[in-house]
Amino acid sequence: MSATVVAGCQRCGSALEQGDLRCPICALSVDESSTRGVQLQKVQAKVVRCVNCGASLEYSAELKAPRCAFCASVMKVETTADPLEQAESFLPFTADEAAAREALGRFLGEKRFFRPSDLATAAALESLKPMWWPAWGFTAGARVSWTADSDAGSRRSAWAPHSGQETMSFQNILVSASKGLSERECDQLAAHYQLGSEQKAPRGPEDAQVERFDVTRSGARKQILAAVESLAREEMKSEHVPGSRVRNLHVAVVLSSLETKRYALPAYVLAYQYKGKVYRVVVHGQDANVVLGDAPLSWAKVVLVVGGVLLALVLLVLIFSR
């Protein structure tokens with residue numbers, strides 16, 4: 001991690017990074033004395049913010065993009081007064097726009113029962129927008145306490161209680177700072193990025209936009225802690241809790257260190273229209289085989305299935321009522 005450390009927390013001694021408003025470990029407010037005379041850089045920027053989903057993008061008069069790349073809603077121009085986090089590492093686009101179009105074609109052509117049979121032929125591409133979405137990359141140290149029931153040492157009972165404490169570390173974990181993408185979309189995209197390809201400047205399509213960080217590192221503490229707890233729970237279950245069967249696993253995490261990096265991650269946001277309604281698809285900017293999106297339902301098939309279930313229930317009632 002290459003974040004700039006400017007001071008130490010007065011309560012717990014943890015490293016404070018440029019732009020922190022609170023300690024990311026103990027949440028103590030950062031005041032002027034905490035930074036020991038270090039002047040934090042404040043960036044005042046002009047951005048366009050979506051009035052629907054809240055995503056903010058870097059404003060560019062040349063791009064002339066009055067609609068949100070994520071949901072196509074109207075954007076409004078605003079000038080920020082508070083410090084903005086700046087992406088320090090850009091991952092390059094390695095999938096081009098042609099690959100993104102092909103990925104959309106494969107997505108529309110997938111044979112799924114509840115989709116309209118003419119989706120691939122009747123859908124029309126409305127827009128394709130390359131962009132970088134923001135995420136925190138973090139390395140964390142933590143002390144994890146756990147309790148669980150397992151079949152180890154249970155003897156005559158089916159379960160026996162166990163507990164313990166472990167010192168753990170987590171490397172290069174991504175936590176979304178995007179408002180334009182859902183948490184599910186970010187999680188599924190994040191697993192396929194090549195963090196080793198990072199660069200200091202953006203490299204990709206000329207019209208690619210950059211979504212801005214809307215929260216500080218200390219403001220993201222809740223999401224980071226939740227990610228650590230989830231990872232710790234999985235590791236406890238697979239490596240530390242004895243036995244082959246586990247239930248009632250609980251973990252309590254106390255962070256001991258936290259270093260962060262601000263990433264800008266590439267993706268294509270595509271909008272297509274089907275019978276007058278617009279749907280969104282997101283294609284990974286480094287692996288076009290990763291495609292997430294929405295698709296319409298064939299209500300005729302839904303009605304057919306519901307009708308079949310109801311008919312089966314009526315027949316069962318008639319049979320057992322005789």
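Colleague: Two strands pair if DSSP finds at least two bridges between them. What stands opposite Phe 90 in β10?

Modeller: Ala 264 stands opposite Phe 90. Before more, the ground rules. This is a predicted model: local features need pLDDT of at least 70, side-chain atom pairs count only at pLDDT 80 or more, and totals for chains, interfaces and linings use all residues. Residues are numbered from 1 along each chain as its sequence is written, and side-chain values use heavy atoms, with hydrogens and water left out.

Colleague: Fine. How many bridges join β6 to β10?

Modeller: Two, and β6 and β10 run parallel. Strands here are DSSP E runs of at least two residues, helices are H or I runs of at least four, and both are numbered from the N terminus.

Colleague: And β7 with β10, parallel or antiparallel?

Modeller: Antiparallel, with 25 bridges. Pro 130 has Tyr 268 in β10 as its bridge partner.

Colleague: How many bridges join β10 to β11?

Modeller: Eight, and those strands run antiparallel. Ala 267 is bridged to His 284 in β11.

Colleague: What happens at the hairpin of β10 and β11?

Modeller: Two residues lie between the strands, and Lys 275 takes a positive phi near 50°.

Colleague: Where else is phi positive in a residue other than glycine?

Modeller: Arg 155 is one case, with phi near 55°. Arg 155 is in the loop between β7 and β8. Asn 172 is another, with phi near 50°. Asn 172 lies in strand β8.

Colleague: Arg 155, buried or exposed?

Modeller: Exposed, at 81% relative accessible area. Asn 172 is partly exposed, at 43%. The cut-offs are under 20% for buried and over 50% for exposed, with partly exposed in between, using a 1.4 Å probe and protein chains only.

Colleague: Switching to rings. How many aromatic pairs are there?

Modeller: Seven. Rings of Phe, Tyr and Trp (its six-membered ring) pair if their centres lie within 6.5 Å; planes under 30 degrees apart are stacked, over 60 edge-to-face, the rest tilted. One of the pairs is Phe 93 with Tyr 268, edge-to-face, at 5.1 Å centre to centre and 65° between the planes.

Colleague: Where do Phe 93 and Tyr 268 sit in the chain?

Modeller: They link distant parts, 175 residues apart. Phe 93 is in the loop between β6 (89–90) and α1 (97–109), while Tyr 268 is in β10 (residues 246–274). Phe 93 is buried at 8% relative accessible area, and Tyr 268 is buried at 1%.

Colleague: Why do Tyr 272 and Tyr 279 count as stacked?

Modeller: Because their planes are at 25°, with the ring centres 5.5 Å apart. Tyr 272 is buried at 1%, and Tyr 279 at 13%.

Colleague: Which residues form a cluster through ring pairs?

Modeller: Phe 90, Phe 93, Trp 132 and Tyr 268.

Colleague: Which charged end sits over the ring of Trp 159?

Modeller: That of Arg 245, 4.6 Å from the ring centre. Lys 301 lies over the face of Phe 113, at 5.6 Å from the centre. The rule wants NZ of Lys or CZ of Arg within 6 Å of the ring centre and within 35 degrees of the ring normal.

Colleague: Now α3. Which of its residues are buried?

Modeller: In α3 (residues 183–190), those are Glu 185, Cys 186, Leu 189 and Ala 190. Seen down the axis, they fall within an arc of 125°, so they line one face of the helix. The arc is taken over directions from the helix axis to the C-beta atoms.

Colleague: What do the buried residues of α3 pack against?

Modeller: β7 (124–150), β8 (160–176), β11 (277–284) and β12 (291–293). Contact is heavy atoms within 4.5 Å.

Colleague: Last topic. In the largest nonpolar core, which residues touch the most other members?

Modeller: Phe 138, Val 144, Val 228 and Met 236, out of 30 residues. A core is a set of buried Ala, Val, Leu, Ile, Met, Phe, Trp, Tyr and Cys residues joined through side-chain atoms within 4.5 Å. Elements giving two or more residues to this core are β7, β8, α4 (221–240) and β10. β7 gives the most, with seven residues.

Colleague: What does Val 228 touch?

Modeller: Phe 138, Ala 140, Ala 142, Phe 170, Val 253 and Leu 255, not counting residues up to four places away in sequence. There is also a second, separate core of 24 residues, including Leu 119, Ala 123, Leu 128 and Tyr 279.
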